[in-house]
Each structure stands twice: as structure tokens, then as C-alpha cells.
Amino acid sequence: MSDKRLTFKKRLHIIKHHYRGKKMAPAFNALHTFLFTPDETTHSGSHVRAADDLKRTMNTVIMALVPVLLFSMFNAGYQYYAAIDAANGVIREVSVFGNFLTWDNFWIGIIKVLPLVVVSYGVGLLVEFIFAVIKGHEVEEGYLVTGMLVPLIVPIDTPLWMLAVSVVFGVVIGKEVFGGTGMNILNPALTIRAFLFFAYPTWMSGDKVWVHEAVERAGGPDAISGETILGYLAQNNASEYTYSLSDMFFGFIPGSVGETSTFLILIGGLFLIFSKIASWRIMLSAVIGALVMGLMFNGVVDQGWIGDTSKFYGLMSFPFWQHLIVGGLAFGIVYMATDPVTGAQTNRGKWFYGFFIGFLSVMIRVFNPAYPEGVFLAILLMNVFAPTIDHYVIRGNIKRRLKRLKNATVLPKDSEGEEKELQVETA
Amino acid sequence: MALLTKKDTNLILDPLTDNNPITIQVLGICSALAITAELKASVVMAIAVLFVMGLGNVVISLMRNIIPAKIKIIVQLIVVATLVIVVDQILKAFAYELSKTLSVFVGLIITNCIIMGRFEAFALANGPWRSFLDGIGNALGYAVILVIVGFIRELLGSGTLFGYAVLGDPIAKTGLYATGYENNGFMIIPPAALIVVGIIIWVQRTRNPALVEEN
């Protein structure tokens, strides 16, 4: 075969072989694996052939995220134009084909959401490449999902350099220092969001960040309010928003880029459950946890323990099940809490882990007006506790089985005819 | 004879790098996290610890043969408490605002593990001159880390150094702020100091693999 007829893939393959064992080898390997399926297969030994490797798992999650991403691009434009209308005194009624799925809306999405995706992937993969070269291992697919999640959980107008700084922080401190993909304690996407939240709070909270250009026009004649529903509730202004329940469920509301459409998140979640990528136990128990906490708060209001002058009244009197369809709770439960690396591993542990994520999310929402969105803090907290939960589940399991064994077996006698104690290492 | 023999020089230089009280022995972390949001506070804290440790080590060293073993901790505490109160009063008299910033942390120098550690490990067994050098050396090792952390946190967190705006005015949007740069609020809170110290430890151990503990 002459050199001219070589495909790009072949050339890359040759370069790869040329650099085998050299310092830059992981970088070429990474590029090769990233773009193509490598030719190499294992030659010796017997192997179980399963198609669902890390790359496929990650791609399945990304497939579940694509509808959310597309929706968020339309919603970015829709919220932008709806806010302008609102500033002129026109209340928009959403109509999916009339004023939602329009090119104008999509164009705003392209110029605002795509750069977030590009920066997130570009910076994150660069960090991964650098660490792969320094540590001399193959590049890992770990950033594929994180890179897609990050743009979806930040406000639309987040400056790109802030996102870049946060991604570097999140990938290095949240993941690489622990040993890279699969070794991290905290969910990297949420580490990135937490860093953004504490480093640049003016860009991450308040009523002016959720709609494109709301900051620039603040104070002007067409000043707009892009407050989220949780924001209204936290200020006891529940009567001021005009969104209907179906707006909340289908996602025609302001919020972080991709968190608004509970409907599409639900579809994505079902897809992940049926493809057996994400744990239904975590999702279900988190929903239960959120409902239980919401019911308790509703109960407090119903009992009259809290009047409408209390600063908690707005959020406490919010019907408990509606917590699921506003804010980032649904998105967090489906795509973040189910991260197999940072979540609980045991089935029984997953119930506790998920339950407390839902429970704490709603609790933080209600009790801390500074964090109208508590789900990312709740998931990070439970990430930290996941290994402890697993530890006690496994200990409990060992104890239970030991007891069953004791009851079922005739104990061997030692030389003096005494029954020997059964012992087991539980450390 | 030179003023400092090679052994004496090592007493000062070792704690600066390979035997640093903060990054290697991981002592005195509490104050390193709490007061390093501003460079000025870090420097004053470092000077205060330098004074207490240098002098304290000498005093303990001089008394080392007459301190009964049973009450040595009490004696050490009295010495360090006396010195700390002197520092505290001087700060209150001449730098009142700063002493407000440092608040309880000047008083807490008493419980700074580095000081008690050096009293126990060195001053009780060595002569006054060598103890003095050891105290100065360890205090400088502490100071280096405090100043590095204070520098990073104040520059990134407030855009100032020693209170002077070096990056421009964040409200009038001059200098670097005109390009859209903003102060990093995360750097102001103590967890950031923990991460900065962690990164320093990481860099130090990467440069000198001999420091990495065996598993």
C-alpha cells in the first residue's frame, strides 16, 4: 500500500507504534481511542466477552443526556424572548410548535449553550491528557459524562473562563489527586459546580443569572426578572410566578441550563434504568426521600406551627410532590446521584444513600435561603458517606450470615468436648 | 570558628524544606488555615511565632536541667503563655486593627503544636544556642508556608497584596477586572487554605520522592 492511500486512522496507528514506550505515547493512544475503535485485541487467555465497557457505559449516559441538551438550547432562547415580552407587559403562553421549537430560540441556544459544552470538554480533556502523559497511563474515558453534565448544571450566562477555571479545579482536585477515573470520592461534575458556587456566587445565584442577558439589562428600562420558582418561594413570593404545573413538568421555566425539563429527565432516567446503566434503587429511594421530607414540611404548615409570616413559609407550604419538578432535584437524582463510582455499591446501601439525597436536598432547600438549590450539596455530602454506608451494610451482612450459620450447624467440638466459637474476620 | 557550623546551618535550613513543620510534620495546621486569608495577617502571625519560638526554646533550654520531669508540660506552658501574652499586648498596643483580625489565634499560639513539639523534641535536650537556631528554623519553616498560602489566597481571593489593590479595582472595573476577571470567593474561606496547603505538599513530594511514606 503506498503512503498516499493510508487513511488517517492508519497514519495515527503508525504514529502510535512509532511512539510506543515514549513519553507522549498516552497522548497519541488517547487521540486514537477517542476517534476510532482501536484494532488491538487481546490474544491469549480466555475472556468473558461483554460489550458494555466503560466507553459504552459513558456513551449510554450521554445518549440519555442528548434530549435534555437539545431541549435546553431551545429553552435558553425561549426564556430570553419570554423575559423580553414580560418586560413589555406581555405574558407568554407556551406553545411547543408556535413559540418554543423555533430557529430564533435555537440560535440563542447555539451561541450560549454550545460554547459551554465546548469549553467544558476542551479544558477537561486537556487536563486528562496532561495527567495521562505525566502519569504514563492510557487516557481514561472518565471525562466523557462529566464534560456533558457540567454545561447542563450551570446558569446560562456563566463566563467561559470561570467555567474553565472550575473544570481544571474539579478534574484535578476532585478526581486526579485521588488517582483518576474510578478512584474519586466526589462526583467531579458536582465538585466543579460547588467550586463555581463558592468562588463566584454572584454568577451562580440570585434572580439575574438564569436568563440570557438578564444581568446586562438589570436596572434598565427593559429590566427583566429571571427568578427561578425556588427563588420566588424562598422569598415568600409564591403568588408572583405565573408558571403552570405543566410548565414546570415540561421545563418551560428558568433555571440552570439543562435541569428544567423533568419530562425529558424522566425519559432519560427510564432509558438508563432499562439499559441497566443507572440504579433504579437510588433513583426511587431519592424520590421517596424528597417526598417524605416534603410531606413533613407540609405537615408542619397544616398543623399551623408555622404561619405565613415565617421566612420558611413559602417553601414549606409548597406541595410536597412539586419539589420533584422544580429546580435541579430530578436532574441530580437521575444523572448525578446514580454515578456508580461515587455512589453506594451495595443494594441495601443504595436505598439509604438515595433516601438521604432526596431527604437532605429538600431540607437544604427549605432551611437555607442562601442555597435555594440544595441537591448538589446533598449529593456531595452523601458521596462522602457512601463508603461508610457500604461498610456497615457489609458488616451487617456478615453478622447476619454468621448468625444463620451458627443456628444451622452443629459446632465442632474441641479436644475437651467444649463447643468451639465460630470466628470470622470482620475488619 | 565560623558563627554557624554546618550542623547549625542545617538546624535552620531543614525545617524550611525537607522537615517543614506544616507540610511534612503536618503540625500547626489550625492557624495556617484560619488566618491566611490576608498576607499581612500571615506575616504578623509568622513574626509572632518566630518570637515565641526563638525565645521560648532558649528559655526552656536554659531551664532544661532544673525542670522536674513530672511538671515539664506545665512549665513549658507557662513559658509559652508568658511570651504569647507579651506578643498579644504588643499587637494590641501598636497594631490594634491587626490584632482584631488575628483575634483568638494569637492566644492560640500557646496550643500551636509546633512550639510544644520543638520544646519537647529539641530544647529539653540541647544547649541554648542550638535550641535558638532550631526554634528560628522551625518558625521560619512555618512562616514560609504561611506567606505562600497568604500570598495565593489574598491575590486570588481579594485581588490585593498587603491590602494594596494589585489587580485593579473590582468595583470600578479597572486593571484586570476590565477584562471580566473576578475575585475568587472560594479562596477567602478556610477550606481553600487546606487545598492550597495540600497542593504545596503534593508539589513538594513530587519533587522529592524520598518524602513519600511507604504504604
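Predicted model: local features only at pLDDT ≥ 70, side-chain atom pairs only at ≥ 80, totals over all residues.

Trainee: Thanks! How is chain A divided?
Mentor: Into domain 1 (7-35) and domain 2 (54-393), with bounds that come from an automatic or database domain assignment. Their centres, taken over C-alpha atoms, are 37 Å apart.

Trainee: And how many residues does the contact take from each domain?
Mentor: Six from domain 1 of chain A and seven from domain 2 of chain A. Two residues are in contact if their C-beta atoms, placed from the backbone, lie within 7 Å.

Trainee: Now helices. At what angle do α5 and α7 of chain A pack?
Mentor: About 35°, with the axes of α5 (residues 103-135) and α7 (residues 160-174) 9 Å apart. Axes are lines fitted to C-alpha atoms, for helices over the stretch in contact, and angles run from 0 to 180 degrees between N-to-C directions. Helices (H or I, at least four residues) and strands (E, at least two) are DSSP runs, numbered from the N terminus.

Trainee: Which residues meet there?
Mentor: Among them are P115(A), L116(A) and V119(A) from α5(A), and L160(A), L163(A) and A164(A) from α7(A). By class, the contact of α5(A) with α7(A) has twelve nonpolar, two polar and one charged residues. Here Ala, Val, Leu, Ile, Met, Phe, Trp, Tyr, Cys and Pro count as nonpolar, Asp, Glu, Lys and Arg as charged, and the others, Gly among them, as polar.

Trainee: Switching to chain B, what's its secondary structure?
Mentor: Nine helices and two strands, in the order α-α-α-α-α-α-α-α-β-β-α along the sequence. The C-alpha atoms of chain B fill a box of roughly 65 × 45 × 40 Å, taken along the principal axes.

Trainee: Where is I188(B)?
Mentor: In the loop between β2 (164-165) and α9 (190-207) of chain B.

Trainee: What does I188(B) touch, leaving aside neighbours within four places in sequence?
Mentor: A37(B) and G157(B). I188(B) also lies 8.8 Å from T36(B), C-alpha to C-alpha, though 152 residues separate them in sequence.

How values were computed:
Residues numbered from 1 in each chain as written. Chains lettered and ligands numbered in written order.
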